[in-house]
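Me: I'm new to this one. Can you walk me through it, one question at a time?

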Amino acid sequence: MNTSQTPREILELLDQYVVGQQRAKRAVAVAMRNRWRRRQLDPALAQDVYPKNILLIGPTGVGKTEIARRLAALARAPFVKVEASKYSEVGYHGRDVESMVRDLMEAAVALVRQEHAERVREQARTAADERLLANLAAARGLDDIWETSITDEEIWRPRPGSLLGVEEESQPEGGDEDDDEQAELHAQREELRQQLAAGELDDEEIEIELLDRGLSALTIMGPQGTEAMGIDTSALQEAWGRSPMVRTKLRKLTVAAARDLLVSEEADKLVDNDAIAQDARDRAENDGIVFLDEIDKVIGAGKTDGPDVSREGVQRDLLPIVEGCAVYTKYGHVRTDHILFIAAGAFHFHKPSELIPELQGRFPVRVALQPLTEADFVRILTEPRNSLVRQYQALFATEGVTLEFSVDGIERLAAIAFRANKVTQNIGARRLMTILEKCLEDLSFSASEQAGAKVLVDAALVERNLGETADDADLIPYDM
Ligand SMILES: Nc1ncnc2c1ncn2[C@@H]1O[C@H](COP(=O)(O)OP(=O)(O)OP(=O)(O)O)[C@@H](O)[C@H]1O
Ligand SMILES: [Mg+2]
């Protein structure tokens, strides 16, 4: 499991996506490893080892959220990212802030369910193929009730013979003819099975009965979700005898698409939900990570009325959660004592010291992220595994257009982005998106008609497309 990675290994993985910000990446890598270290301890001691929560401080668009996103992807630990600011709008009812723990628990359940499903994958796949085969056979008139290999899922149909009290239906008087027919059916069915296995039927459209997982009417009751209102929809549904799991729906799909759905349906049947809930709770409590973004937005200006009061209220509500309390979820109580909290904020208008003191004390590890340099921009454009340059190349490739970037082209883009950040608002690396989009605007429009073309994005092209406008604040969408 990935939680056993060393800090250095975690750092190397983060390096593939986030440029610079070494100190922040090291801090989260160490925090991750500490979870694993704690797991190795004697439970009596482990109980007293609390996570060292982290506060990431840095200007906008320098990678705070990006670090958290990447960490989540590689952690294989339950992870949620929440915006602290969103809790202020509702007021300072404890329940709102607690929903982050419920979300974490949901994330844990999803993660553990996936792991459990992985274990029964082969079995689920076999069952799914069996259902597909039955469906395809029926559509071809090969629906053979003597040979059907699965029975419990299917509607029981009387055998023609059994109605007449004849026991051995495959040996009626005119045996030979029937046997031939039987063998023929069998052969055709086997051929079908092989075609299915070879993926030859993947594009064929079928009609198949699947569980209806559509949202129930109950889940649209409140904007915060019903759970924020203290209502457990699934419990209600069960009480009303309308569990969402039992309704089915006839759907038209390709074989390939149906297979995916059938595999997950069959996997759901094979896993043990109680075991999942139990595992998930353990994982949420001991490995869970909550990323509290925009923490600086819950700092008030020190006024005693208006939204500031509620902001401080949010901070007070956060306290017990960060400190350690039990939160009720539909899977039972989840304790928050050992959940790792990583908070982040730009702290443009407020300092971390303006957080209420009790909360400050709960974030012992402070890391400042550095503003990005022009050289960083060059690296951000090209180095990350899903860098903007790679994204555009892949997007254009779908149209058959080859997009190449020369070194001077990249440098020019970085320089323009850097300058735009200076003369207008500094939005960090997000500026690169705006600049690159603008630079390739016309090409993006015409690419569909240029299959086979090769485009080199060099300094001259960048200059041509952006040269005069890049300094013009009006032309840069200010919300980017
Ligand atoms: N250090 C970096 N390495 C690679 N990409 C980066 C880096 N910093 C920012 N980016 C890019 O810029 C985008 C915005 O960065 P991010 O969301 O991390 O900003 P932030 O620091 O959380 O800012 P804010 O305070 O506004 O939330 C990211 O999606 C990523 O593509
Ligand atoms: Mg952010």
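This is a predicted model: local features need pLDDT of at least 70, side-chain atom pairs count only at pLDDT 80 or more; totals for chains, interfaces and linings use all residues.

Me: What about Gln21: buried or exposed?
Reply: Gln21 also has a positive phi of about 55° without being a glycine. Its place is the loop between helix 1 (7-15) and helix 2. The cut-off for burial is 20 or more neighbours. Gln21 has 25 C-beta neighbours inside 10 Å, so it counts as buried.

Me: And Leu41, buried or exposed?
Reply: Leu41 is in the loop between helix 2 (22-39) and helix 3 (43-46). Leaving out residues up to four places away in sequence, Leu41 touches Ala46 and Val49. Its count is 12 C-beta neighbours inside 10 Å, so Leu41 is exposed.

Me: Where does ligand 1 lie relative to domain 1 and domain 3?
Reply: There are 18 residues around ligand 1, with Thr60, Gly63, Thr65, Glu66 and Ala429 the closest. By class, that shell has seven nonpolar, eight polar and three charged residues. Domain 1 (2-118 + 276-368) and domain 3 (374-475) both give residues to the shell, so ligand 1 lies between them.

Me: Which helix gives the most to the shell around ligand 1?
Reply: Here you look at how many shell residues a helix supplies. With three residues, the top giver is helix 4 (residues 64-75).

Me: How far apart are the end C-alpha atoms of helix 12?
Reply: Helix 12 (residues 273-287) has 15 residues, so at 1.5 Å a residue it should span 21 Å. Its buried residues include Ile276, Ala280 and Arg281.

Me: At what angle do helix 17 and helix 20 pack?
Reply: Helix 17 (residues 407-423) brings Asp408, Gly409, Arg412, Leu413 and Ile416 to the contact, while helix 20 (residues 459-466) brings Ala459, Leu461, Val462, Glu463 and Leu466. That makes six nonpolar, one polar and three charged residues. The axes are 7 Å apart, and the angle is about 35°.

Terms used
Residues are numbered from 1 along each chain as its sequence is written. Chains are lettered from A and ligands numbered from 1 in the order in which they are written. Axes are lines fitted to C-alpha atoms, for helices over the stretch in contact, and angles run from 0 to 180 degrees between N-to-C directions. Helices (H or I, at least four residues) and strands (E, at least two) are DSSP runs, numbered from the N terminus. Two residues are in contact if their C-beta atoms, placed from the backbone, lie within 7 Å. Ala, Val, Leu, Ile, Met, Phe, Trp, Tyr, Cys and Pro count as nonpolar, Asp, Glu, Lys and Arg as charged, and the others, Gly among them, as polar. A residue is near a molecule or strand if its C-beta atom, placed from the backbone, lies within 6 Å of it. Domain bounds come from an automatic or database domain assignment. The expected span of a helix is 1.5 Å times one less than its number of residues.
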